[in-house]
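Hi,

Here is the structure I promised to pass on.

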Amino acid sequence: MRKEQPIQSAAVDQPAENWYLVKIVFQIICGSGNHKPQFEEQLRLIIAASPVAATDKAKQLILAEGIPFEKVVWKFVAITDIYLFTNLMDGAELFSQITETEYGAAFIQTQELKQKALQNRQFIPYH
C-alpha cells in the first residue's frame, strides 16, 4: 500500500512584525484655550512590520481612542520618536508626561520638527 504524503502549502512571504516604542505628543486645550499651553507626551508599544507601519498604527489608535472630556481637547501634535522593542502588550501606554510652558508655539514647532526628522531619516533600531 502506498502512503500518502501530506500536502505542503507554499510559504507566503509576510513581513516579520516587530515591537516599536512610539512617542506621541498632544496639546491639551481646556475650554477656550486661554491658559498656559499644556502638552502630554505618551510612549506606546506598537507591533508592526516596519517603522512606517508602526507610525500609521499609532495614528489609528489616536483616532480610535478619542478623549471623552467635554471641555478639554487633546490635539494631536506629532509622533517624534520610534524604537524597535521586544514582545510586550500591543498599544500599551508606557509613559505619559504633561508639560505646561509659556512657549506653546515653540514647543509645537520642536515636536513637528522632530516628526519631520523621523519621517526623513532611515530608521535605525535603538538597542
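**What I found**

Just after helix 1, Gly66 takes a positive phi of about 60°. Before going further: this is a predicted model, so to speak of local features we need pLDDT of at least 70, side-chain atom pairs count only at pLDDT 80 or more, and totals for chains, interfaces and linings use all residues. Residues are numbered from 1 along each chain as its sequence is written, and side-chain values use heavy atoms, with hydrogens and water left out.

**Layout**

The protein has two helices and four strands, running β-β-α-β-β-α from the N terminus on. Helices (H or I, at least four residues) and strands (E, at least two) are DSSP runs, numbered from the N terminus. Of the 127 residues in the protein, 31% are buried; that word stands for under 20% relative accessible area, with exposed being over 50% and partly exposed in between (1.4 Å probe, protein chains only). Among contacts (heavy atoms within 4.5 Å) with a separation of 6 or more, 80% are between residues 24 or more positions apart.

Strand 1 (residues 18-30) and strand 2 (residues 38-48) run antiparallel and are joined by eleven bridges. Two strands count as paired if DSSP finds at least two bridges between them. Along this pairing, Val22 stands opposite Arg44, and Ile28 has Gln38 in strand 2 as its bridge partner. Strand 2 also pairs with strand 4 (residues 93-100), again in the antiparallel sense, over seven bridges; there Gln42 stands opposite Ser96.

How many residues of strand 1 are buried? Ten of the 13 are, so strand 1 is largely enclosed by the rest of the structure. Strand 2 is mostly covered too, with ten of its eleven residues buried. From Ile46 to Glu17 is 29 residues in sequence and 9.8 Å in space, C-alpha to C-alpha.

**The helices**

Helix 1 (residues 51-65) has 15 residues and reaches 21 Å from its first C-alpha to its last, close to the 21 Å expected at 1.5 Å a residue. The expected span is 1.5 Å times one less than the number of residues. Pro51, Ala54, Thr55, Ala58 and Ile62 are buried in helix 1. Seen down the axis, the buried residues of helix 1 fall within an arc of 100°, so they line one face; the arc is that of the directions from the helix axis to the C-beta atoms. On the other side of helix 1, Gln60, Leu63 and Ala64 are exposed.

Helix 2 (residues 104-120) has 17 residues and reaches 24 Å from first C-alpha to last, close to the 24 Å expected. Its buried residues are Gly104, Phe107, Ile108, Gln111, Gln115 and Leu118. They cover an arc of only 95° around the axis, which puts them on the same side of helix 2. Ala105, Leu113, Lys116 and Asn120 are exposed on the other side.

**The cores**

A nonpolar core here is a set of buried Ala, Val, Leu, Ile, Met, Phe, Trp, Tyr and Cys residues joined through side-chain atoms within 4.5 Å. The largest has twelve residues: Tyr20, Val22, Ile24, Phe26, Ile46, Ala48, Ala54, Ala58, Ile62, Ile79, Ile82 and Leu118. Strand 1, strand 2, helix 1 and strand 3 are the elements that give two or more residues to this core, and strand 1 gives the most, with four. A second, separate core has six residues, including Val25, Val77, Ala78 and Phe107.

Leaving out residues up to four places away in sequence, Val22 touches Gln42, Leu43, Arg44, Ile46, Ala54, Ala58, Ile79, Asp81 and Ile82.

**Aromatic pairs**

Rings of Phe, Tyr and Trp (its six-membered ring) pair if their centres lie within 6.5 Å; planes under 30 degrees apart count as stacked, over 60 as edge-to-face and the rest as tilted. By this rule there are two aromatic pairs. In one of them, the rings of Phe26 and Phe76 have their centres 6.4 Å apart and their planes at 75°, so the pair is edge-to-face. Phe26 lies in strand 1 and Phe76 in strand 3 (residues 72-85), so this pair ties together parts that are 50 residues apart in sequence. Phe26 is buried, with a relative accessible area of 6%, while Phe76 is partly exposed at 30%.

Cheers
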